[in-house]
Amino acid sequence: MNLSSIGEFGFIKRFSGKFDDLLGPGSTGIGDDCAVIPVEGDGELVVSTDMLVEDVHFLRDKISSYDLGYKSLAVNLSDIAAMGGSPVASFLSLAIPPDLDLEYMDCLLDGYHDLSRRFAVPLMGGDTTRSGEKLVISVTILGKVAKGRARLRSGAQTGDIVAVTGKLGDSAAGLHILLNSLGCEGVNEQLVAKHTKPEPCVKEGSWLATQDGVNCMMDVSDGIASDIGHILNRSGKGAVIDLNGLPLSDELRTFCSDRQLDPYYFATSGGEDYCLLLTISKDLFDSVAKAYSREFSTCLYPIGQITDGSELTWKKDGKVLAKGPGKGFSHF
């Protein structure tokens with residue numbers, strides 16, 4: 001059996017349970033955006049590790065070294081945001097190929113530093129080594145959250161409204177533009193920027209974790225077609241997702257219309273939007289959404305509802321689709 005037959009999460013499932021008996025009281029291990037570790041006092045530690053490998057997660061000739069450093073931290077900050085936490089420190093490890101010069105690495109660290117400064121997150125250590133020919137970036141990030149406030153993927157309840165905090169598909173369209181060398185002017189430039197410099201929803205996630213009725217959160221990294229499945233699997237629920245409810249930017253609509261492409265493919269299966277995907281109690285959704293709009297001058301976008309059972313159903317124009325969109329990104 002090879003890894004492609006079970007996929008990334010099938011592989012993780014093969015070994016993750018073996019470590020459950022080693023977890024301390026109140027700890028949450030493999031299966032969420034971050035691990036949760038109890039500490040003394042009224043807080044908890046949330047920890048995540050992410051790796052970016054050249055030619056798998058990024059193409060060195062398609063992203064500036066500054067943006068690569070920025071994005072390396074941003075995707076990890078997004079994991080902290082998904083738990084409702086506030087970041088406190090990061091650790092950076094680099095495997096550097098011999099053809100990279102000092103100026104390239106200086107610029108990469110400038111991007112990493114500038115985003116670190118925005119969120120007051122010190123770089124407190126890591127490791128460096130030489131690689132054969134590919135650049136590898138590994139970030140471990142630590143955050144804190146009030147005790148009992150971490151939002152897990154397992155928290156979805158029947159009847160919850162499924163919502164996202166931002167537009168979907170822009171990053172995937174940006175990657176499509178880069179891979180096909182379509183140029184970076186006008187609308188294209190805005191879409192590419194969403195891919196190369198994602199904005200982590202740290203303040204939004206921290207605020208949402210304090211709101212009654214917010215039962216479950218994660219970030220949109222692999223595309224909602226895959227990410228909603230992680231919530232359903234962990235929560236033991238089903239869902240109905242309405243494609244007409246997916247928030248699409250004007251830039252994505254224009255780009256797809258001009259090229260006769262399907263914007264819903266990018267929105268569901270593209271990934272790397274790094275907004276938050278969450279479920280909110282139906283009775284409290286309106287009040288949470290109104291308060292969110294006042295706080296951040298933007299919307300929570302309802303896209304579906306959690307159901308009993310285990311089926312994921314897709315609708316469009318009021319009709320159930322016989323076949324849903326394709327799955328999002330998978331490593332194997």
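Before anything else, a word on terms: contact here means heavy atoms within 4.5 Å, and the helices (H or I, at least four residues) and strands (E, at least two) are DSSP runs, numbered from the N terminus. What we are looking at is a predicted model, in which local features need pLDDT of at least 70 and side-chain atom pairs count only at pLDDT 80 or more, while totals for chains, interfaces and linings use all residues. Residues are numbered from 1 along each chain as its sequence is written, and side-chain values use heavy atoms, with hydrogens and water left out.

Let me start with helix 9, which runs over residues 263-270. Six of its eight residues are buried, so helix 9 is largely enclosed by the rest of the structure, where buried means under 20% relative accessible area, exposed means over 50%, and partly exposed is in between, with a 1.4 Å probe and protein chains only. Those buried residues are Pro 263, Tyr 264, Phe 266, Ala 267, Thr 268 and Ser 269, and what covers them includes helix 4 (170-179), helix 7 (224-235), helix 8 (250-259) and strand 11 (312-316). At the start of helix 9, a side-chain oxygen of Asp 262 comes to within 2.9 Å of the backbone nitrogen of Tyr 264, and after the helix comes Gly 271, with a positive phi near 85°.

Now to the overall division of the chain. The domain assignment, whose bounds come from an automatic or database source, gives domain 1 (3-146) and domain 2 (153-325). Their C-alpha centres lie 22 Å apart, and the contact between them takes 26 residues from domain 1 and 24 residues from domain 2. The area buried between the two domains is about 2200 Å², with 53% of it given by carbon and sulfur atoms; buried area is the accessible area (1.4 Å probe) that two parts lose on being put together, summed over both.

Between the domains the count is three salt bridges, a salt bridge being a side-chain nitrogen of Lys or Arg within 4 Å of a carboxyl oxygen of Asp or Glu. There are also eight residue pairs in polar contact between the domains, both residues at pLDDT 80 or more; a polar contact is a pair of N or O atoms within 3.5 Å, where within protein one must be able to donate a hydrogen and the other to accept it, and residues adjacent in sequence count only if both atoms are side-chain atoms. On the side of domain 1 that touches domain 2, helix 2 and strand 3 (86-96) are the elements that give two or more residues, and the largest share, 11 residues, comes from helix 2. I would also point out the salt bridge between the side chains of Glu 272 and Lys 71, at 3.2 Å, N to O.

Which residues does the UniProt record list for "binding site"? The unreviewed entry lists Asp 33, Asp 79 and Asp 219. They span 187 residues in sequence, yet no two of their C-alpha atoms are more than 7.7 Å apart, so they gather at one spot. A caution on the record: its positions are in the numbering used here, feature names are shortened, and annotations may be inferred rather than shown by experiment.

Taking these in turn, Asp 79 sits in helix 2 (residues 65-82) and counts as buried at 10% relative accessibility. Not counting residues up to four places away in sequence, Asp 79 touches Asp 33, Cys 34, Ser 48 and Asp 219. Asp 219, for its part, is found in strand 7 (residues 214-219) and is buried at 2% relative accessibility. The side chains of Asp 219 and Ser 78 are joined by a polar contact of 2.7 Å.

As for Asp 33, its side chain meets that of Arg 153 in a salt bridge of 3.4 Å, N to O. This pair links distant parts of the chain, 120 residues apart, with Arg 153 in the loop between strand 5 (136-146) and strand 6 (161-164) and Asp 33 in the loop between helix 1 (7-16) and strand 1 (35-38). Both Arg 153 and Asp 33 are buried.

Finally, is Asp 99 buried or exposed? At 53% relative accessibility, Asp 99 counts as exposed, whereas its salt-bridge partner Arg 60, at 2.9 Å, N to O, is buried with a relative accessible area of 18%.
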